Amino acid sequence: MLTYVEPSTQAGSPIARSLDFGQETKPLNVLDLVKLTPLMELTSGRSEIVIGLVDGPVVIGHPDLAGENVREIPDRVGGTCAQASSLACMHGTFVAGILCAKRSSAAPAICPGCTLLVRPIFSETPAANELIPSATPEELAAAIIECIDAGARLVNLSAALAQVPSAKGERALGQALDYAANRGVIVVAAAGNQGTVGSTAITRHPWAIAVIACDGRGRPLNESNLGNSIGRRGLSAPGEGITSLGTDSKAVPSGGTSVAAPFVTGAIALVWSEFPDAGAGQVRLAVTQAHAQRRPTVVPALLNASAIHAAMREFRST
């Protein structure tokens, strides 16, 4: 079973992310579960739809990545992995594969035509040392802002707050998410894997789309964090037995909310690719409209990519 990573001893309120590359792969058609297949047949994404990946570094030269569409933020060092065996590199490469792997690979490869902007937030530590990559809320806030300033239209946060941040940290995150809203940049964030009910500075922000993980039947995983704000504004996406890119050119399985988040990000990126002149507010409205049949619950609706596309098409035709 995938377990939520406990905070490290690094100073500050750390951000930990889920990671278990040893769980057994299960035969699921996860793309059909969230109605992504028809959309992926329609488009592989546009290069002007830039996704900021706030995660670990990535093996940018991986043979199964659409490498020409993966880039680092200018004037920063460390977008590509220095240690392929590090947990940070493994996680970043795995999430990148869900989004931008080649369609011929074993990864979901949702939007290889989009541009992936890599902004590492986790430092690299050899996996054998079992040190959990982490970062402070202030570092996460800075990464969000840097992605926005570098041209991202979407930001994927496959990271979750492991502890209640300080007032300063919470203020920094709130300001970063406010900045995203003001600049028209959609933020998709993993809800976390502690199996708790509640919210964080990220998941309760009205602009963030929080994502929980579900199994192959669409049922929430027990370890996914839930909450009122997550249920109202978030989504559920596949997060069990997902196969994506490993750092050694072999496909590996993993799961959790950090794996589920890029399914939502990728779906939105494909819809935006079909309507590239649409504003972020209209895209978010399509997401809301597609999942409007909600009941008051701490469990969010299951992602329906085709319904988001249909809602956008209806908006644009009126």
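Guide: Buried means under 20% relative accessible area. The model here is predicted.

Visitor: Is strand β7 largely enclosed or largely open?
Guide: Count the buried residues of β7: 5 of the 5. Buried needs under 20% relative accessible area. With 5 of the 5 buried, the rest of the structure leaves strand β7 largely enclosed.

Visitor: Which residue of β8 stands opposite V188?
Guide: β7 pairs with strand β5 (residues 154–157) in the parallel sense, over 4 bridges. There, N156 stands opposite V188. β7 also pairs with strand β8 (residues 208–214), again parallel and over 4 bridges. In β8, the residue opposite V188 is I209.

Visitor: Which helices are included in what covers the buried residues of α9?
Guide: Helix α9 runs over residues 305–317 and reaches 19 Å, close to the expected 18 Å. Its buried residues include A305, I308, M312 and F315. The cover over the buried residues includes α2, α7 and α8.

Visitor: Which residue caps the N-terminal end of α9?
Guide: Look at the backbone nitrogen of S306. A side-chain oxygen lies 3.3 Å from that nitrogen. The oxygen belongs to N304.

Visitor: Is E72 buried, partly exposed or exposed?
Guide: E72 is found in strand β3. Its relative accessibility is 31%. Buried is under 20% and exposed is over 50%. So E72 counts as partly exposed.

Visitor: At what distance does the side chain of E72 reach the backbone nitrogen of G79?
Guide: E72 touches several residues beyond four places away in sequence, including I60, G79 and L117. The side chain of E72 reaches the backbone nitrogen of G79 at 2.9 Å.

Visitor: Which residue has its charged end over the ring of W272?
Guide: R284 lies over the face of W207, at 4.5 Å from the ring centre. Over the ring of W272, 4.6 Å from its centre, sits the charged end of R153.

Note on methods: Residues are numbered from 1 along each chain as its sequence is written. This is a predicted model: local features need pLDDT of at least 70, side-chain atom pairs count only at pLDDT 80 or more; totals for chains, interfaces and linings use all residues. Side-chain values use heavy atoms; hydrogens and water are left out. A charge sits over a ring if NZ of Lys or CZ of Arg is within 6 Å of the ring centre and within 35 degrees of the ring normal. Buried means under 20% relative accessible area, exposed over 50%, partly exposed in between (1.4 Å probe, protein chains only). Helices (H or I, at least four residues) and strands (E, at least two) are DSSP runs, numbered from the N terminus. Two strands pair if DSSP finds at least two bridges between them. The expected span of a helix is 1.5 Å times one less than its number of residues. Contact means heavy atoms within 4.5 Å. A polar contact is a pair of N or O atoms within 3.5 Å; within protein, one must be able to donate a hydrogen and the other to accept it, and residues adjacent in sequence count only if both atoms are side-chain atoms.
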